[in-house]
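Please read this briefing alongside the sequence and the structure shown below. It goes through a few topics in turn.

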Amino acid sequence: MADLVKITVDGREIEVPAGELVIKAAQDNGTYIPRFCWHPRMKEVGMCRMCLVEIETPRGTILTTSCTTSAAAGMVVHTASETAKKAQEGILEFLLINHPLDCPVCDKGGECPLQDQTVAYGPGESRFVEEKRHFEKPIPISDLVFLDRERCILCARCTRFADEIAGDPLIEFKERGNYTQVQTFPDLPFSSYFSGNTVQICPVGALTASAYRFKARPWDLRVVESSCSHCSVGCRIAVESSQNDVLRFNGVDNDATNRGWLSDKCRFGFEFIGSENRLRTPLIKVDGEFQEATWGDALDLVAERLGAIITEHGGEAVGGIGGARGTNEDAYAFGKFMRGVVGSNHLDAQLDDGLDARFLAGVSPRAEIGDLDRAGAILLWAPDLKEESGSLYLRVRHAAQDRGTRLVVAHPRRTGLDDRATHKLTYRPGEGPALLADLVAGEGDYAAVLETLSEGPVVAIVGRTGLTEQPELAEAVAAFALSLPDAKVLPFARRSNTFGALDMGVAPTLLPGRATTDDAEATAQLEAVWGPIPTHEGRGTHGILQGLADGDLKGLVLLGADPMRDVPDGTLARQGIESADFVVAIDLFLTDSSEMADVVLPAEAFSEKEGTVTNLEGRVQKVNRVVTGPGQSQADWTILDDIARRLGKPLAFASAEAISKEIADVAPAYVGISWELLDWDEKDGAVVPYGAAIQPLIYHPAALGKKALQAMSQKPSSGALALHLARTLYDDGVLMRNSLSLHALAPGGAVYLHPEDAGRIGVSEGALVEVKTVDAALRLPTVLDPSLATGVAFVPFNQPWTPSLGAALSVVVAARKEVRA
Amino acid sequence: MSHPQVLTARMTEHPTDSHTLERYEVTGGYAHARRAMDMSRDEIVELVKASGLLGRGGAAFSAGLKWSFLAPSRPSYLVVNGDESEPGTFKDRQLLERDPHQMIEGIIIASVANEVHEAFIYIRGEYPKPARRVQQAVEEAYAAGYLGKGVFGSDYDLDVTVHLGGGAYICGEETALINSLEGKRGEPRIKPPYFPAAKGLYMMPTIVNNVETISNLPHILEMGSDDYRALGHADDCGTFLFSVSGHVTDPGNYELPHGITWRELIFDVAGGIRDDRALKAWIPGGASAPWFVPEHHLDLEITKEACGKAGSMLGSGAVVVMDETTCVVKAAERVVRFFAHESCGQCTPCREGTTWLEMILRRIEDGSGRPIDAELLLDVSDNISPGLTWPPKQTTICPLGPSAVSPITSVARFFKDELMQHIEQGGCPLG
Amino acid sequence: MTWPPDVQERAKELIGRYPDPKSAVMPLLYLAMRQDGYLTEAGMREVAGWTGHSPAQVQSVATFYGMFKTEPLGKYLVSVCTSISCMLLGGDAVLSAVEDETGVPHGETDAEGLFSVEHVECLGACGGAPAVQVNYELVEGSTPDQVRALCRWLTGERPDAVNTDDMQDRFGGRRSFDWAITETDGAIGPFPAFGPYGTVGEADG
């Protein structure tokens, strides 16, 4: 706790932390000092000079910027003295002399700090009669952002953000003096994953978003706070709508998760909500074609067909995949439906692309994101966070760059955090376990790495670096990490409510509330409310699809899941879905998977329903309803309840909130969690187990010895490369596919090779090559990537127009032979 | 009248080779740096403090005191400021071209005093010839073992690198220079916290000294602080290089002690006004300085204190003399334009204000001035330099903004009539 | 990297003189100008590769300074000072004479690529005002007639390297101080002639 000092601001004595910036100290105590360049989440620069105040010193009263002055005991500050006011008016007059009279056509009007502060602190009129400076306007500086240099007041918020926060110095000042302007380098646009933040923090309308330009005026917007649904951090966002259309997401400042920043996927990934392609009515497949149906008919058919399978083959002939894209309430309903109504333990929220559910739900001690700021060292052995979770990437960057935290990154390829890493360990996919063995032994070069990690507290962010990587590796890494001083683990899985769904028991080995299926007490507690449930471990997604393909399973319920695109083994997904006797898909869109279903039921999406979600810290946050769903779409839990009712065992939920109450009764780790708590008391969400709640499952990842690790290590077959299969921020996932501005930015299918390997194969940049695995053969263009280890091919996962390669480690890349006529 | 020459002695007596190592050594050079190697850091700092040496780049801050502020973390750096760009100033150019070893010996002394093992000489890009001379001298010193590994056979290493600027006056400001040396835009830093002695080059303790300041060091070591002080006048110790230009008969650099009068400087030393014209005004200390006029200032002593009391400054010692043929509005516009061109652009009042002032003055010069413009000029100036006081206050990050105000307050104070005539007559009354 | 080996050697050497490679950006920008005659986009990208800046950062630094010019330049950059001391002694007329003689308005380059003309701020030659530079080599004490002669000489002779002493003797007047010695080296393009940057050439005659 910092020391407090007393200072006087405009005659009022206040107590503030010693060394706090005067502008912040004043603001926190009710005195707003006007400003443009200062932003609480960035380093102060004192450039705009708007925050000039008078401060009494022993040498006399000085006029100085309050954003560069630190509070000291006895300081006397005058923010509105004659001199201060004249200075503030002068600054505004200076800012306005070259500022164009664009307000009527400028997006920022109505939420513009320049407008607001001119009215409050500015002169009544400008005395400038000369010619203003002119620039071509606006110019696109990327696919998503436009720049108007005439409006720009050169506060450098955008350039400082791009460099200091995002690590993407793609926009900078050019020229000097009165000719200064923000610019990109020719042919190198501002394609930062975080460019949208500059639009939000720009204090004028110089930076505007193509997704929002001219769509609305701020006073038309309805604003509701919620939690983003594009990754498992669950950043706080403001969902803004007008006339029942979601028009914009903005970041909301908070200390717990995203500190106000958003990746562009999160910020601009709202278009899918209002997309034309949203399902509006139930669909029944008749003779291979979908026909619109009533809810009654569709639900009847589902109950009939599922019921028949259950009667003939038993409940365990039905599998359920999905639930990671909805709310906890929806996921809980799914679990209750599958176990309590259908009678099956074969359910999984992950798509064979994550880690052991018990590990994700129960690893302990689990870190909070804030622990990154307090860490002595961070071990990052996970997907490239810049691609999979922009906010977490920014938090790690901040810790490593600004707080001096040492960072060790292990990954097959370059990551966005390499430039901040104390040590970067590059390895071939498959050989991660061997690397871990070397690291644990700490010999040679690894001694220094071990030493870096010996400075606690240690936070280890652990996940699967790619989809061909052994999931057991992450657990072994976590076990190693937990042996380090004062260590905590942050397990990483990307999909937005994976952790919430697992906590609700949507996994073959878990019951709601972080209990395992073999926990007798938890089972009994659950059965008291659900009735009898199967008690053995069930099949996960891989097993369900295999079961369907083999004929052991007959029916499939898809809850917001697209196995055809998201399960790495695309062949298995197809076989499974095709072989099923009956498939019902509850979804927002017709996806590659729901296209193959027998019945498709239209669901409500994010911001069309209220509920809770749980992030990777175990933080439960509220998501809120802002608009109504299209057509006849329904909430997941309502749909499941309607089917359950027809199967003779209603789920008996009166409302989504009622579900959350049942969860708090029945799920041990969730005792004490309520909507009321989250709306009123815990504005930053509540980390479970909250208060006195107990988490039955404490999962200890097994520490593997050298032999075991070496046995786990894999090499590709002779003549093949090791396939690194990893996600990019923008891809062909269903939500991106239907957010058109972002879908266009997906990099597309390609194979990335080390220049040596490319040379050996005999191909250069851009050449089309044959890429063969046991599952597929594709033709892809080559990209040279010296950041890879040799012997590796990187193919971005789930790209537009690119079929699945499967998940096998070995991939053969060969130059195309020209076919001569 | 003759005045003792110290900095310019060698180049005057030995014009053909004052820049060579051979001549430098024969005339006693490098002996003082050798002696400094055996002195303690504190001894050297105290000596320089006692000598009263003030910075010769314009700020006139005690060099020894600056050195004593050096923070303890290491490595520390020395940067010699050869970015001489203040209009009217050309004395460092002469020192660099004609006696570079004098500066290099000073660098060795300053480095030892500040535990520096890497020093940089930042020379403005428009001075390639001086840079070539300095580079040649640096190479001679390396070859002789006076720079590089084991200076003078000791175990003290000192590397010196000559770095060319890129054409930006603002890089003469010490924190902007440091940013420039770090590979960034030459933008001044906010102080506090970025005082170079604490957080300078690469955020390490750094001493930035002007070429002339450094060149004084061998002489201070040689003659001791008392004799050095005595060379000067009262608190203005040592000699001072004045660059005199404009409408004088004999423009040039003159090494003089303080204490003489402006009358002596302009009419004796610099030969008076050419073509026997009348003196109208002069800038006493570089383009940033408010003007002096014959009616008030001719018999003022040239000392830091007297100048300050009279509302101006000696700065870098650049004296620009204007005769009766000078249109003061044009002269003011030309000076203001300089600052508008050189503004780094970081802070609002300077970036917008200096250009605005230039535009108003140009409009007045072109004949489209309005009566309200006289007041407007002063109020815009007031928003850059509140109160139009001397020493100036600033709403800006660095003093460049207030510098642009100097010609305006000068014209308003001493030539208001001429300004108003421009406005009322729609053009220059001088034709 | 696209620079020839000897330039790459020089780049490495220059980078080696600074504790941080980023500090070498200004010297390397001069190397880039030497290669292409002005600072091209390719030049800036090359420099970025060496220093670790992003290209946008190199562009930002380069365009801050007046001497890194990103538009094609003529063989001879004629810079005329129009700051206060030179203005007082007729610098404006010298500028007009240059513009007239070369046919190039200030701020521009001729179609042939022979002359670029600019007016600049104080060159530190106030004692020899008005002052002019050709490829940053100084001529003090200029007059409209003399500078016209200088331009005609450059047009006719087209020397590969311009030497300051030679030009001063032929086309200069009063000097700020005694230059005292004579050099034989010269500037070979519109960038400062400085040994470590490889920009110095032998001047003929």
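**Domains of chain B**

Chain B is divided into domain 1 (9–231), domain 2 (239–323) and domain 3 (328–425), with bounds that come from an automatic or database domain assignment. This is a predicted model, in which local features need pLDDT of at least 70, side-chain atom pairs count only at pLDDT 80 or more, and totals for chains, interfaces and linings use all residues. Residues are numbered from 1 along each chain as its sequence is written, chains are lettered from A and ligands numbered from 1 in the order in which they are written, and side-chain values use heavy atoms, with hydrogens and water left out.

- The centres of domain 1 of chain B and domain 3 of chain B, taken over C-alpha atoms, are 35 Å apart.
- Their contact (heavy atoms within 4.5 Å) takes 12 residues from domain 1 of chain B and 8 residues from domain 3 of chain B.
- Domain 1 and domain 3 of chain B bury about 800 Å² between them, 71% of it on carbon and sulfur atoms; buried area is the accessible area (1.4 Å probe) that two parts lose on being put together, summed over both.
- B:Y169, B:I170 and B:P188 supply 54% of the area that domain 1 of chain B buries against domain 3 of chain B, more than any other three residues.
- Between domain 1 and domain 3 of chain B the count is 0 salt bridges, a salt bridge being a side-chain nitrogen of Lys or Arg within 4 Å of a carboxyl oxygen of Asp or Glu.

**Salt bridges**

- Over all chains the count comes to 99 salt bridges.
- One of them joins the side chains of A:K137 and A:D102 (2.4 Å, N to O).
- A:K137 is in the loop between α3 and β6 (139–140) of chain A and A:D102 in the loop between α2 and α3 of chain A, 35 residues apart; helices (H or I, at least four residues) and strands (E, at least two) are DSSP runs, numbered from the N terminus.
- A:D102 is buried, with a relative accessible area of 13%, whereas A:K137 counts as partly exposed at 31% (buried is under 20%, exposed over 50%, partly exposed in between, with a 1.4 Å probe and protein chains only).
- The side chains of B:R74 and B:E115 also meet in a salt bridge (2.9 Å, N to O).

**A buried lysine**

- A:K108 lies in the loop between α2 (82–97) and α3 (113–121) of chain A.
- A:K108 is in contact with A:P113, A:V199, A:Q200, A:C202, A:P203, A:V204 and A:G205, leaving aside its neighbours within four places in sequence.
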